[in-house]
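This report describes selected features of a structural model. Please consult the sequence and structure shown below alongside the text.

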Amino acid sequence: MFLIHCPYCGELRDEQEYRCAGEAFIQRPGLDCTDEQWGDYVFNRTNPKGKVIEQWAHSAGCRKLFVVERNNVTNEIYAVRTFESYKEQA
Amino acid sequence: MKYSWLEVFKAGFSGQKQWPAAWPEVSPKAAYDVVIVGGGGHGLATAYYLARDFPGTRVAVLEKGWIGGGNTGRNTTIVRSNYLWDEATNLYEHSMKLWEGLSKDLNFNVMFSQRGVYNLGHTLQDMRDIERRVNANMLNGVDAEVVSVAELKERIPILETGKQVRYPVMGASCQPRAGVARHDAVAWGFARAAAKHGVDIIQNCEVQALDIEAGRMKGLQTSRGYFKAERVGCVTAGHSSILAAMAGIRLPVTSHPLQAFVSEPMKPVLHTVVMSNAVHGYVSQSDKGDLVIGAGLDPYSGYSQRGSPHVIDHCASAMIELFPIFSRVRLNRQWGGIVDVCPDACPIISPIPQVKGLYFNCGWGTGGFKATPGSGHVFAHTIGQDQPHPLAAPFHINRFVTGALIDEHGAAAVAH
């Protein structure tokens, strides 16, 4: 069990308030893509062991989506960031 | 040595102390025809059927830790074949038929006990789904029946069938031929039988890299040296994506911790297996007497082999509502296994199109144990003949390109 700091609510809350929505920053291919590219986009995942960059929703709170950088072996949370902060970085 | 009552009798004269090792410690060879990565039940079964059905094939099983130390030793040992879709039912029923003769086939008592499995329904929709699935099962030649509440009360007296609970039981499906098996014995039995057919079982051997040249398998770099092998079968459950990454490919699976827990041993109280999809939990009593209880998946990816406490909290609440008699039972141990879940909750048993000679058997998610012999059998034939076994063909990895998924998500007897 771990706690997540919601960047919108500004509070450290129990993981059960949140819903994990899988790996973040998956790029949707263009409409002219092949079946292989589409299948890769819809189904294939990197599924790494260790550091993962995921999107989480504060579903029992503000219901907004944001990014959690987490270690999926120890459940240590490295960073919680909004999507906007990545855009600013880029 | 063939195990028999006569051998037990003879060994009695020396105090049962003269038993040889069940399989020998081998020194690894430099090259094999087929290397199976992963010494769990599925991997050992694959090796056994490969060596048995394709004589002359040099087979090795590489295991990172010790055999049966992963999910084979972490599951709730339930065996059933009451799936909804034809493809899945055929595969699991194939496995069920192998289970029925397995102890004899392996000359090792896997303690397969066909004590029946009940899948409870708590809503009208549950009951409609149960009737549909029971009908589908019967059409596929799988034994199944719908059981009323009155009948349930008769058969499982300790089950709470009253209406005063939050989710009253409205009925159930039952597969009488389903049951449980002794998970460690399955690993040991397959290991012993495989070794007898000349398979080298190499433990404490972690694969570090796959040697692939021009799209063909050449060998594996491991913590115990390099092995030449032109065919490699990966059966590594929750860690399949890690191995796939060594081949430069991604799989349609996500790894999650799946938790289970056992109670202190008790006198016999539950003679069958009870599962509930709606309140989520399943329970049986082992021959040792402890209640073996399975919970749901952690709702996010993970490799922690531990899991979140709120998941078992939820499961324990469900169990106490179903069996009020268990409310003061003390729990002994809790653990998690890392399962690789496919988007359609069905396994991948397939050659990998990008790499000639590389095969994956993964994606079994929360329900791989029941398929152990069947999975090994069809995967062995897929590798041995370099083309999918007819029962494995629908589980080709290409279904995630063509879209021909086998949607057992929620269609099987318990949520995946």
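A residue is buried if 20 or more other C-beta atoms lie within 10 Å of its own, exposed if 12 or fewer, and partly exposed in between, with C-beta atoms placed from the backbone. The model is predicted: local features need pLDDT of at least 70, side-chain atom pairs count only at pLDDT 80 or more, and totals for chains, interfaces and linings use all residues. Residues are numbered from 1 along each chain as its sequence is written, and chains are lettered from A and ligands numbered from 1 in the order in which they are written.

B:Ala237 counts as buried because it has 27 C-beta neighbours inside 10 Å. Its phi is near 45°, a positive value in a residue other than glycine. B:Ala237 lies in the loop between strand S11 (225–234) and helix H8 (240–246) of chain B; helices (H or I, at least four residues) and strands (E, at least two) are DSSP runs, numbered from the N terminus. A:Phe25 also has a positive phi, near 60°, but counts as exposed, with 10 C-beta neighbours inside 10 Å. A:Phe25 is located in the loop between S3 and H1 of chain A.

## Nonpolar cores

A nonpolar core is a set of buried Ala, Val, Leu, Ile, Met, Phe, Trp, Tyr and Cys residues joined through C-beta atoms within 7 Å. The largest one has 118 residues, and B:Val35 and B:Ala194 have the most contacts inside it. Helix H7 (residues 183–196) of chain B gives the most to this core, with 8 residues. Domain 1 (29–81 + 83–108 + 183–254 + 344–402) and domain 2 (117–178 + 255–339) of chain B both contribute residues, so the core lies between them; the domain bounds come from an automatic or database domain assignment.

Leaving aside neighbours within four places in sequence, B:Ala194 is in contact (C-beta atoms, placed from the backbone, within 7 Å) with B:Leu44, B:Ala47, B:Tyr48, B:Ala51, B:Val199 and B:Ile201. Apart from this core lies another, of 7 residues, including A:Ile4, A:Cys20, A:Val68 and B:Tyr300.

## Contact between the chains

In total, 18 residues of chain A are in contact with 20 residues of chain B. On the side of chain A that touches chain B, strand S3 (19–23) and helix H1 (35–42) are the elements that give two or more residues. The largest share, 3 residues, comes from H1(A).

Note on methods: Two residues are in contact if their C-beta atoms, placed from the backbone, lie within 7 Å.
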